[in-house]
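Thanks for taking a look at this model with me.

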Amino acid sequence: MTATVLESERATTPAPARQLTRRPRRRPRWAVISMLAPAVLGLAIFFVYPLIASIFFSFTRYNLIGGIEFIGLRNYVYLFTQDPQVVQAALNTLWFVVILVPVRIITALALAGLLARAKKASGFWRTVFYLPALVPPVASVVAFVFLFNPGTGPVNLILKSIGIQGPLWFNDPAWAKPSLVLLGVWVMGDIMIIFLAALLDVPRELYEASSLDGANGVQQVRHVTIPHLAPVLFFSVITGVIAALQYFTEAAVASGVASGKATIGQGAGVAIGYPDDSLLTYAQWIYVRGFGNYQFGYASALAVVLFVVASVFVLIMMRRVGAFNPSEAS
Amino acid sequence: MTTNALLLAPPRVKAGRARSALVWVSEHLALVILAVLFLAPVVFVFFTSLMTSQQTLTASLIPKTWQWSNYLDVFRTVPLAQWFGNSAIYAISSTVLMLLSSVPAAYVLAKIRFRGSSIIFGAIIIAMLLPPQVTVIPVYVMWAKLHLTGSLLPLILPNLLGDAFSIFLLRQFFLTVPKEYTDAARMDGCGDWTILWRIVVPMARPGIAAAGLFSFFHAWNDYFGPLLYTSENQAAWPVSYGLATFRGAHGTDWSITMAMTILVMVPVVLLFFFAQKVFVEGITLTGVKG
Amino acid sequence: MTHNPARPRLVLAAAAIAATTALVLAGCSSDGGSAAVGKAPKTLSGTVSLWHFFTDREAKVIQKAVDGFEKENPKVKVEVHTGQDDTKLQQVISSGGNVDVALSYSSDIVGNFCTSGAFVDLGPYITRDKVDLDDFPDSVRSYTQFDGKRCALPLLADVPALYTNTAMLSAAGITAAPKTLDELSADALALTTYNDDGSIKTLGFNPTLGFYENSPGNFSASVGAKWLKDNGKADVADSTWPEVMTWQKALVDKIGWDKLKTFTAGLGQEFSASNAFQTGQVAMQLDGEWRTAFIADQTPDLAYETSPFPAATDHSELYGSGVISGNVVGIGKGSKNPELAWALMKYLTTKTSVVVDLANGLKNVPTTTSALESPDLVVSKQFTTFIDIAKNDKTVARPSSPLGAGYGQPLADFWTKWQAGSGTGLDSGLKTVAKQMDNSLALVEGP
């Protein structure tokens, strides 16, 4: 995305740039500096420094109250060979990346397709399906956990009335993650709306032309719609994967509410991962180790590993971007 | 783009009348069923919010008595007004600060070439894409040593120095401002700040609005940030944190909690209805251009 | 894009700056050494902050005690922060906030705070003011110090015991509460009733680990199971844990794990009026002494009795004892007025009338022998059980550790999974748990 945009910029403006530098009036440097300075400073303080400091802390033992103690690779040894929960946390996070992201995108696409065909009151339908995405995530999780309560929640009650014995949803380790996927589907309005706009953006002429060439519906979807949607699909995949890698709020709140444990006294870590570590995500594990147990050194090691994994994902995806030329999309 | 939204797109130019009617009915039936499923959770939450506490513990769908007073009790049970206030302070100030710092930076990155611009932009992309947990610990240590934890300041102040996602977004929008306009202004002797203020900003208003909206909602819905920095001080809790956390020694009172949930949803929905056009335009522009 | 030859040097410079900054920022923590304390001030004045985790009704009880302290010292103002759990306390203290007196939820925090210095060493104060440590029962005294350093004083303790629903027991023909684990199982099965579809209607006793107060620690008293050896290493694999775990699993299997899981998922929240014991859905329950206060407040018509939690048949000498844990009070490292903090702390933890008032209000067990034996202590019939358990000399507390509550997690995690499985792999599982505990401790303490 970056490379192609910069390239297209360069492609269109070589000549004028040279002309500008020959003009008598210089572009005042201070304007550029003053405009960029806050952002560069921000990058230095809140991105570059913490990144390097995290790597630094990962080789220490530090609990914020005492001093810093160098322990070399001990944190990493523990992480890769002795930590009983890090594997589960990583697997859970990966599960969300691999399942939550595609499910959301496919359902959003399908619904957008359906909406694209509704002529009248399409704005109305669009609002209905987009509203859940507006709800603050904490509110929707609390609502869902209550609604899916195995004994007294409406979902199981309705299922019971049609003869189905509902599962234990957020209280069953096998069903807890799928329950969050259901929540993710409920709020897929945010990507559905983008798909809808992109779908409606496909020029009619393309469909008419392919129809004249004898293409049926499925072929049209494959050869006209999907290629046109490619950049938007790609955008959704990238943002989806990034969000899944840092999945925290929904899982943490769901565990806390579903476990029914009083949080007074024991803090946010008391029900983490409930039920049975099934909702323990990597981001939560960093939080528990860092801010629950105050093992900042070890939590930094966990963070560094996440950084490496996320960077690999990002690099792979940036490679893929080269394949899609965004200038075709409008 | 919005006018396009009303145009019907695709296929079936030559479908038979009967078949197209059947298709129309089945499509709309599907839409209705899905709409019911999507709205049902909100309806049930609303019903629960009007039940008595005892009834919420039983398996029932419709309130036996419609206890509207629950909505008043919410304010008596939890400092909801204070939480809303904190959320508003967090969201509004971080958005304002973000715009002040990010718009100029995005302009430079979009319109002005200089050595190092690609490094900076690359760093912004990476900063945008990395999970916050990677950088959160040293930043927390820093704020702790400055004795600023227990407030929303660690969440608001960084916006003074720009926000990676917003800069990226704004840059994409500023790229669409044709170079002829900025060149002409420069020929007339305008400095960068003037060009930015007089030309680029008015032309990229939808983009700026979109970036502002994103920033606002990111702050409004933020849970992790407040968890880290405000959990120790109840007076600083925003709504997102309060709703998830406030469970008194007597456990959760579900009717009050559901009433709280509805109240938390209301401002956002209202904002949407008033700013619908800006909303939809901004979000679709982001997705299509991003 | 031209490669700037200065770039590698720039990166190195940035790294050096970042590392130095990190060191400087981190090293800024002033050394909270145990400096000698001066003489006690004659009159107390100023503001002192009290941070505790109680809310609502219970917070009011603390407030009353605080008001008493302010009345005794008219120049003093106490700033109370409620709802501060252990995580928040750690956050505030470690970020250098002004925490004078901190009342922590449990003694788990002691090992961590004593070693790191988050709680000030109280030794000098105790010696100077001649505080009578013997007035604290042994078990309670043990969990307020770690590695020879005393950084906290106990304030009220919690003791679990068995609650039994009088009506349900007599309806099933059971005349006395069970005293052994085998009796408990038999009674539990006898008291369980079913719906027409086979699901559980009321449960005699819910053995599910993780349900309400069913924790490994609370079950350990029945067999005298130990957590740590004297050398500090985990004792989980070599102690009597398998005995109580097999008992629990047997009961789970007799009831049926799936039925149990479904039934448990539908039960109410522990601290609400829908608590399963208070609604009669469960006939017998392991719970702490605070439950008497909740019942009196929320469901006063419930007829119930309390008795010590059953011991294993071959450990009958343990019957009547239990595990004790409790709240602790300490002085935060960042305290600007440690003398005032110490005065408030002494007032709350050692002054008999205050301890008795707090115990009466919170319905927790008082932690000084003087208070335990005070005539002003309001002791209902059901509350006597807890007093007796607290006074029993076989009652133990969980040893402190710098890991805090974390070190009990591996056993809880293993037991939670194991109870749902086939029941095999107990010994190897416990060995793994012991290793995990040792590894965790090593990571925090060092080799």
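Into which domains is chain B divided? Chain B splits into domain 1 (15-72) and domain 2 (79-245), with bounds that come from an automatic or database domain assignment.

Before the points, some housekeeping: this is a predicted model, in which local features need pLDDT of at least 70, side-chain atom pairs count only at pLDDT 80 or more, and totals for chains, interfaces and linings use all residues. Residues are numbered from 1 along each chain as its sequence is written, while chains are lettered from A and ligands numbered from 1 in the order in which they are written.

1. Let's stay with chain B for a moment. Between the C-alpha centres of domain 1 of chain B and domain 2 of chain B there are 37 Å. Chain B has 15 helices and zero strands; helices (H or I, at least four residues) and strands (E, at least two) are DSSP runs, numbered from the N terminus.

2. Of the 290 residues in chain B, 48% are buried. A residue is called buried if 20 or more other C-beta atoms lie within 10 Å of its own, exposed if 12 or fewer, and partly exposed in between, with C-beta atoms placed from the backbone. For contacts in chain B between residues at least 6 apart in sequence, 76% link residues at least 24 apart; a contact means C-beta atoms, placed from the backbone, within 7 Å.

3. Now for the nonpolar core, a set of buried Ala, Val, Leu, Ile, Met, Phe, Trp, Tyr and Cys residues joined through C-beta atoms within 7 Å. The largest one has 299 residues, and A:V142 and A:F195 have the most contacts inside it. Beyond its neighbours within four places in sequence, A:F195 touches A:A108, A:L109, A:A112, A:L229 and A:V232 by the contact criterion.

4. Please look at the backbone too. Most residues other than glycine have a negative phi, and most peptide bonds are trans. The bond from A:Y274 to A:P275 is cis, with omega near 0°, and A:P275 sits in the loop between α13 (249-259) and α14 (282-292) of chain A.

5. Two residues in chain C have a positive phi. C:K130, with phi near 55°, is in the loop between α5 (123-129) and α6 (138-142), and counts as exposed because it has 7 C-beta neighbours inside 10 Å. C:L156 has phi near 65° and belongs to strand β6 (residues 153-158); C:L156 counts as buried because it has 26 such neighbours inside 10 Å.

Note on methods: Two residues are in contact if their C-beta atoms, placed from the backbone, lie within 7 Å.
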